[in-house]
Amino acid sequence: MTIPIKALVVDDEAAIRRLLRGSLGHAGYHVVEAENARAALAALAIDKPDVVLLDLGLPDRDGLELVPLIKATDAALLVVSARDSTEEKVAALDLGADDYVTKPFDTHEVHARIRAALRARRRSEGTETIVSFAQVRVDLGARRVTRDGEEVHLTPKEYGFLAELCRHPGRVVSHAQLLRAVWGAGHESDVEYLRVAARGVRRKLEDVDVENSAIRNEPGVGYRLMA
Amino acid sequence: MNAARPDPDALLRAATRAGQGRLKVFLGAAPGVGKTYEMLGDAAAQRLTGVDVVVGVVETHGRADTEAQLQGFEVIPRAVVPHRGQSLAEMDIDAILHRRPALVLVDELAHTNAPGSRHDKRWQDVEELLTAGIDVWTTLNIQHVESLNDLVASFTRVRVRETVPDRVLDNAEIEVVDLPPDELIARLKAGKVYVPQEAARALGHFFSKSNLSALRELALRRAAQTVDAQMLEDLRASATVGAWAVGERLLVAVGANPAAPEVVRAGKRLADALRAPWTAVHVETARERNAASAAQLADAMHLAVQLGGQVLSLSGSSVVEGLADAVADTRATMLVVGKPQPRRWPWQQRLHIQPLARRLPGLSLHVVQTVAPAPGGKCALPKVPAMPTGLVPGLAATALVTIVGRAIAVAGNNITNVALLYLLPVLLVATRYGLLTGVVTGLVATLAYNFYFIPPTGTFTIADPQNFITVGVLLLVAVVASQLTARLRAQALLAARNARQSAALAGFARRLNGISEPDELARALCGEAARLLDARTVLLLPGVEGLAVRTGEPADCHLELLDHAAARWSFDNGQPAGRGSSTLTASEWLFTPLAASNRALGVFGVARPDATLPVRPDQLPLLGSLVDQSALALQRIQLESEAAGIRTLEERDRLRAALLSSVSHDLRTPLTAVLGFLRALTPLDEEQREILGLARAEGERLQRFVSNLLDMVRVEAGAIALAIEPVDLAEAVASAVQDLRGAIADRAVQIDIAADLPLVMVDPRLFHHCLINLIENAVRHGGMNGPIIIAAIIAAGRRNRELELTVLDSGPGLPAGMESLVFETFTRLEGSDRKGGTGLGLAIVRGFCTAMGLEVVASNRPDATGACFTIRFPESHLRTVSEDA
């Protein structure tokens, strides 16, 4: 990797910025810091970061307001906040954040989420159409799902559910986004459809217990494919 | 007193409705009368005036004219609900809520939605739309109204299963779409009415002319009834007074006679049949009344209250006049009276039907045939002494008149004037001492006049026939005058008694208003009642040790065990007990409950020192008023003190919540940094590695503690906002186990949850926290001997099937008797403090479960040592799904 990935850390707490600068720096990122929304917008324009780590409780503006502005650039966006209510998480995701980590966080987890977000960004440019996890291979172009090389028949809804997760591997996909993509607008609150689809996919593709499933449930928020 | 005061309940109901959408129902007698057509026509007019109207669902049944009407409306596409391989199209309530029109048209209110829809019935959808502030117009056939369903089925022999509760109509504007039966039958024959094929045969009978007429009448009456109820409601809320009668309103005249209960029952039956409100009225006239009839009257009035009637008692110069007043007061349209009893004595008053009919020409009269039980034997009250009082002054006055008369006779010899003089003592005595004394005095006066003045004087013989007339007239005048004055006197006495009681009650009410302490109220009630009823009194209020004497008059009064039992019974049953009632009559006390809002607040007892009946029957209303007023005052005092208590508590809770929330929040950020830095450090040797590990573990413990503190603040503040959604138990448990991976470390966790269990309706985040705390508790206290088992089973519950989620450990279990204590805040079982933990975890579990409507219990494992925590999901929280969706 010749050009280091540029990460912008937006947080009003110096200690948190120091912590993230240390751990991200060790991992080879080039870290830029901003302590409020104004500085963050300036850094966004000047430094053109590849990934932004955004705290929601900023002194001058609510972090949620920045989410669409950051989305407008090419940067991947990870919200890092002490706010842990389901509504805040869903709001951030629906506004376009790639993922959400609550404080207190584990730095390893932050790294993993950043990697997943960046990977998704590359994939959205249309390069990857095949996603693999465990013994499963999903070919999004051919709409084919195989397990240990054998084709598995999924119902259209089950396939839609799995495909939507495969388009965002490692990232949490909100209930509303899944329902809209598979069942269409107007079904955003029919969460039981998702529960049923998740059961079907797990039963057909995995032998493991639910707690070891690659299709991870985020209570009240959505699903995540651990690819 | 409360004539112009708005009814608080009515105001409350009005306030609840504010901000709601309005419902308008196009009510028809039968299919085919043109409800939908009418609704669309009216809605088109609304649309032209600029109202934002959309069509939620309209069934045109392929009728061209209706379909033409639909042109120009925005129609919300229906949602497709898959059901057993079919696709059923249902109204898309979410789309309507999202679109937020001012008015939405929803055809066929009684429709049953396809299985799997949000609500079972369309009227529930409509209620949701109304709650969201959207006006709804809808159509309904009369046979779908729940309360009329039986009635319609009884004559049409067609029973519909789709019914709409009456309360939906109660607040609705109703427009009857009316079509004469002949025209409807003509339309039916012309094929203009939509009838499903399979129902055609049954409906052939349904559409007979007699049925249609009956249905039409029902529809019109139901509409009138709703309008009437709404008008009464408005009236109550605004306290307007005026002549408003629209539907029937019954007045039941209750006399003090054995037939009274029968009249009351007949009135109640009639009122039910007419679905009309009713009032039992008694007119108190100047007539003297004996104790037996007073008791009969009290019984009849009590019966009326029990049967749900209002009661009214007023005094009037005659029964007819009193009833006329009552009719005006209650805006009654019909009067129910008992058939007059044959008179046993010529002077007995009775109600005459003819004068009543003449006096109240606009009123329907309903005369009830009664079979009166044999009178007597009812009451063993001490008899009023029959000896006429006031004879001595009467005779003395007569003697005086005789002496004066002699003087006049000697002087002027005009004995006719003397006869007039004799009237004086008669009138005086009759006014003062009543009828009997007056008559006796009159008789004596007549004899004296005869003896002393009519020739031959000194004998009772009358020589001149003319003097017979004088004596006769004197006697007659004496009797008539006595009767008249006696009646006046009785009326005056009654008025004075009423005035005295009213004054006493008004004074008592004023006194109660100023009272803010239950003790003060108790003293006021006991003192006042003792004075007015001339009896011993006692007030019992519930306390920590059950019902106990709060105060008495005299203050040292003592209750026997039996008396306590009677008081207890009265309190529990909300009815009088003890002597003079029908329960536990061996007690010498009569206990009456102090009841407000259908809840007994205390018991008031009355007794007489000589152990006779504690309260004379004619004083029962007085006792009732005293007790009722006191009950209201007591309730007010209690509410006031509760409100004051709540304000203090709220303030304290608010402060505590604010403090804890801000502290917990501020703790998180530094904790994140500390934990992050600790992880970033690389140990140089084994000792540093151990110390770093410990520091990290302690930091994580602190982190869980902070998170629990935040949760507990939410529970204690009672401000848990729920976001209920269907949750897969297996997934939820998996998420919790994943989040706790660090704490669980190498402990074995065994999960037995079948893949096809119903989903549970919970708040996912709260439930996640419940699971985390339960599993963490098992890790901490569950010993190392066996795995932690998390299992879910469908159990046959107490009423329905329920789902049980259990978390089992293999620790020492719970000490006996501590099973429910473990859920208390900061309770830690013996020996567990060293293992850390905040003592909050299980309290949070219970708080969150309670908020979500779940039950959580702790017990010991039946199969092995160890504790067992069970969360029960009642049937209402389960949602069965099939994988065909």
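User: What makes A:V10 and A:S81 residues that A:D55 touches?

Analyst: Two residues are in contact if their C-beta atoms, placed from the backbone, lie within 7 Å. Leaving out residues up to four places away in sequence, A:D55 touches A:V10, A:D11, A:D12, A:G63, A:V80 and A:S81. This is a predicted model, where local features need pLDDT of at least 70, side-chain atom pairs count only at pLDDT 80 or more, and totals for chains, interfaces and linings use all residues. Residues are numbered from 1 along each chain as its sequence is written, while chains are lettered from A and ligands numbered from 1 in the order in which they are written.

User: Why is A:D55 called buried?

Analyst: Buried needs 20 or more other C-beta atoms within 10 Å of the residue's own (exposed: 12 or fewer; partly exposed: in between; C-beta atoms placed from the backbone). A:D55 has 25, so A:D55 is buried.

User: Where does A:D55 sit, and what does UniProt say of A:D55?

Analyst: A:D55 lies in the loop between β3 (51-54) and α3 (63-72) of chain A. Helices (H or I, at least four residues) and strands (E, at least two) are DSSP runs, numbered from the N terminus. An unreviewed UniProt entry annotates A:D55 as "modified residue: 4-aspartylphosphate". Such annotations may be inferred rather than shown by experiment.

User: How do you know that β12 of chain B pairs with β13(B)?

Analyst: Pairing takes at least two DSSP bridges between two strands. Five bridges join β12 (residues 334-338) to β13(B), so the two strands pair, running parallel. B:G338 has B:V368 as its bridge partner in β13(B).
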